[in-house]
Amino acid sequence: MKRWIVCLLSASLAISMLSGCGVSVKGKSYSIKVGYGTNPGHPIDLASKEFEKRVEKEAGEMGYDVDVQLFPSSQLGSEKEMIELLQIGALDMCPTTTGPLGLFEPSYLAFDLPFLFLNTDQADRVLDGEIGTEMLSSMEDIGIVGLSWWENGFRELTNNKRKIVKPEDLKGIKLRTMQNDVHIDFFQKLGAAPTPLGFGEIYTSLQSNVIDGQENPLSIIATNKFYEVQPYTTISDHVYSPVPVLYSKALLEDLPEELQEIVTKAAYDVRIYEREAGRTQEQEYIDEIAQKSDIYILTDEEKMAFQEAAQSTYVKFESVIGKEFMDRVIEEAQK
């Protein structure tokens, strides 16, 4: 019953904000709604605009009238709510973090394991390879198609208490996390008090000291200006945050085959643009954050203490994720 209520509320929200969704009577005019949580200027937003430009241009050259509409900044709800909108056909596309996906498909939790990927080369190899392709098709039975892997980058720590250099420094810190069991378990092991909150609640909760800190990639910290209310930032790279680009299976199949190909190819090709947008701006993000926050970069030796603490999290989630799949991901990442 609860899930039906959530779906009905989501549908109501979608109808009010996404009026006009779908195909015109003539079958030549199409509207594609893209929702995501990040703010304007973030690499996901920039890539979504690039997707919009490519799809509208290529579709127009083939005689289709396509209007791609972008809804950034969680206008359509949380990531979990937008995933549910995809399921019921009230939203076309959503680039989302893997954080909430474990609620729908447990194997996605593998990508949230701490220090699974130590650099972007490892992440690109796994996500653009056989394993990444498998995962993009793993949610079709619940009405969602994966088109590509974008990224948020490596997640870092901010707080208003102290510089984080070793795991003990997190003890007692009320840290905002995603509603993700792997993340929550890891930070509990470090002695923090993980506190799941919706993304839109982070800034005000930090500002009012409802929470002490949060963890997100540099691009998120900078474009949301969390550093304004967080005097300490630690570059820990504790989790790499991939972004699967998800599409409503029903709405994709409603498109003519030519448009399906244009949409699918654009989302896939734009992955390079999106990743480079974040990686090339990393130093700019650091410089911006450093203006108001004390930044500390963990050494490889200092990271080892955090990695050792993460091992029990790996063991705990073997049965949830599936040991065979987890081992495949780890083996491919470490090649």
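Ser241 is located in strand β9, where helices (H or I, at least four residues) and strands (E, at least two) are DSSP runs numbered from the N terminus. The model is predicted, so that local features need pLDDT of at least 70 and side-chain atom pairs count only at pLDDT 80 or more, whereas totals for chains, interfaces and linings use all residues. Residues are numbered from 1 along each chain as its sequence is written, and side-chain values use heavy atoms, with hydrogens and water left out.

With a relative accessibility of 3%, Ser241 counts as buried (under 20% relative accessible area; exposed is over 50% and partly exposed in between, with a 1.4 Å probe and protein chains only). Apart from neighbours within four places in sequence, Ser241 contacts Thr97, Glu151, Asn152, Gly153, Arg155 and Pro217, contact meaning heavy atoms within 4.5 Å. The C-alpha atoms of Ser241 and Gly99 lie 8.3 Å apart, although 142 residues separate the two in sequence.

A pair of aromatic rings is described by the distance of the centres and the angle of the planes. The structure contains 9 aromatic pairs, defined for rings of Phe, Tyr and Trp (its six-membered ring) with centres within 6.5 Å; planes under 30 degrees apart count as stacked, over 60 as edge-to-face and the rest as tilted. Tyr30 and Tyr64 form an edge-to-face pair, with 6.0 Å from centre to centre and 65° between the planes. This pair links distant parts of the chain, 34 residues apart: Tyr30 belongs to strand β2 (residues 29-35), and Tyr64 to the loop between α2 (43-61) and β3 (65-71). Tyr30 and Tyr64 are both buried.

The pair of Phe154 and Tyr240 is edge-to-face because the ring centres are 5.2 Å apart and the planes stand at 65°. Here strand β5 (residues 144-159), which holds Phe154, is linked to strand β9 (residues 232-248), which holds Tyr240, across 86 residues. Both Phe154 and Tyr240 are buried. Tyr108, Phe111 and Trp149 form one aromatic cluster.

Helix α6 (residues 181-189) and helix α12 (residues 300-316) have axes that come within 9 Å and cross at roughly 135°; axes are lines fitted to C-alpha atoms, for helices over the stretch in contact, and angles run from 0 to 180 degrees between N-to-C directions. In α6, Val182, Asp185, Phe186 and Lys189 meet Phe306, Ala309, Ala310, Ser312, Thr313 and Lys316 of α12. The residues of this contact comprise 5 nonpolar, 2 polar and 3 charged (Ala, Val, Leu, Ile, Met, Phe, Trp, Tyr, Cys and Pro count as nonpolar, Asp, Glu, Lys and Arg as charged, and the others, Gly among them, as polar).
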